Amino acid sequence: MALNPTAAFYDNLGMKYEESFGHDEGLVDFIKSSLKFLPSNASVLDIGSGTGKPLSSMVIATGRKLHGIDFSPVMIALSRQQVPTATFEEVNMLQFIPKEPYHAAFAIFSLFHFSREEMNLVAEKFAQWILPGGYLFIGTMTAEDFHTKPHMFDDDKQCARGIEHTFMGKRIGNLLYTRAGWVALLQKVNTELVQFQAPPHAQCDSEPHYYITARKMSP
């Protein structure tokens, strides 16, 4: 499988990512509150599973089933090592085809590297992967919480392009949705904004984290 540059970047991070972000108390609280929505026998998809911690390991610890996907072979290897009772698959989420729908899916800080067209496709796929009445839990950041200029926004003001910040020592530019843009994309959401700052050795700017709970409506 050919490795794209973004996957290679996460390959190089390895455990450094977990050391920098695995202790995020806002994220841990969000995972705990999210799991309360799910039945005890729920099947859960971790989209962009990273090292397997904290999300995959927390889901497995509750006795639920977990399948994780990531396009970084290093991250998949770490996940399998750290959460051996879950299953993990090396695949780009744009090419992922589940064997059956899930009760819930988590996409935690794994949606920053797409164009708006790809995000529309991702949203459609998420809806296909979840059972009616199931949940989609998202951890992201919003355009409002960064310095932007008018020309960066699309005409409908739902997202801004080229928002720069430093992440793990690398200066990157992302497409970020506004809060209204997320509502438009997912239609029905409950949200909580949590401020989190990675430790100094992570070499990251301040990242206001935005958590979304969305439920798939029945046909």
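# A walk through the model, starting from a cavity

The second largest cavity has a volume of about 40 Å³. That value comes from a predicted model. How many cavities of 30 Å³ or more does a search of the whole structure find? The search finds 3. The idea behind such a search is simple. Rolling a probe the size of a water molecule over the atoms shows where empty space is left.

The lining residues divide into 8 nonpolar and 1 polar, with no charged residue.

Now move along the chain to Thr-142. This residue lies in the loop between strand 5 (130-140) and strand 6 (159-167). Is Thr-142 buried or exposed? Its relative accessibility is 0%. The cut-off for buried is under 20%, so Thr-142 counts as buried. The side chain of Thr-142 has polar partners. A polar contact of 2.8 Å joins it to the side chain of Asp-145. Another polar contact, of 3.4 Å, links the side chains of Thr-142 and Arg-179. Set aside neighbours within four places in sequence. Thr-142 then contacts Leu-176, Tyr-177, Arg-179, Trp-182 and Tyr-210.

Lys-157 is found between strand 5 and strand 6. Its phi is positive, about 65 degrees, although Lys-157 is not a glycine. Phe-109 sits in the loop between strand 4 and helix 6 (116-129). Phe-109 is buried, because its relative accessible area is 13% and buried means under 20%.

One peptide bond deserves a look as well. A cis bond joins Lys-53 and Pro-54, with omega about 5 degrees. Pro-54 has its place in the loop between strand 1 (43-47) and helix 4 (55-61).

Next, turn to the strands. Strand 4 and strand 5 pair in the parallel sense over 6 bridges. Within this pair, Tyr-102 stands opposite Ile-130 in strand 5. Strand 5 is mostly covered, with 8 of its 11 residues buried. Strands 1 and 2 run parallel too, joined by 5 bridges. There, Ser-43 stands opposite Lys-65 in strand 2. Strand 2, residues 65-70, is also mostly covered: 5 of its 6 residues are buried.

His-103 brings several of these parts together. This residue is found in strand 4, residues 102-108. With 26% relative accessibility, His-103 counts as partly exposed. What does its side chain reach? One of its polar atoms lies 3.0 Å from the backbone nitrogen of Ser-43. Leave out residues up to four places away in sequence. His-103 then touches Leu-38, Pro-39, Asn-41, Ala-42 and Ser-43, among others. Its contacts also include Ile-130, Leu-131, Gly-134 and Tyr-135. How many residues apart in sequence are His-103 and Asn-41? They are 62 residues apart, yet 9.2 Å apart in space, C-alpha to C-alpha.

Is Gln-187 buried or exposed? Gln-187 is exposed, because its relative accessible area is 68% and the cut-off for exposed is over 50%. Its C-alpha atom is separated by 10.0 Å from that of Met-217, 30 residues apart along the chain.

Finally, step back to the whole chain. There are 7 helices and 9 strands. Of the 219 residues, 53% are buried. Now take the contacts between residues at least 6 apart in sequence. Among these, 68% join residues at least 24 apart.

Definitions and conventions:
Residues are numbered from 1 along each chain as its sequence is written. This is a predicted model: local features need pLDDT of at least 70, side-chain atom pairs count only at pLDDT 80 or more; totals for chains, interfaces and linings use all residues. Side-chain values use heavy atoms; hydrogens and water are left out. On a 1 Å grid over the protein atoms alone, a cavity is a set of points where a 1.4 Å probe fits but cannot get out, and a pocket is an open set with protein on both sides within 12 Å along at least five of seven lines; lining residues have an atom within 4 Å of a point. Grid points are joined across faces, edges and corners, and a volume is the space filled by probe spheres set on the points. Ala, Val, Leu, Ile, Met, Phe, Trp, Tyr, Cys and Pro count as nonpolar, Asp, Glu, Lys and Arg as charged, and the others, Gly among them, as polar. Helices (H or I, at least four residues) and strands (E, at least two) are DSSP runs, numbered from the N terminus. Buried means under 20% relative accessible area, exposed over 50%, partly exposed in between (1.4 Å probe, protein chains only). A polar contact is a pair of N or O atoms within 3.5 Å; within protein, one must be able to donate a hydrogen and the other to accept it, and residues adjacent in sequence count only if both atoms are side-chain atoms. Contact means heavy atoms within 4.5 Å. Two strands pair if DSSP finds at least two bridges between them.
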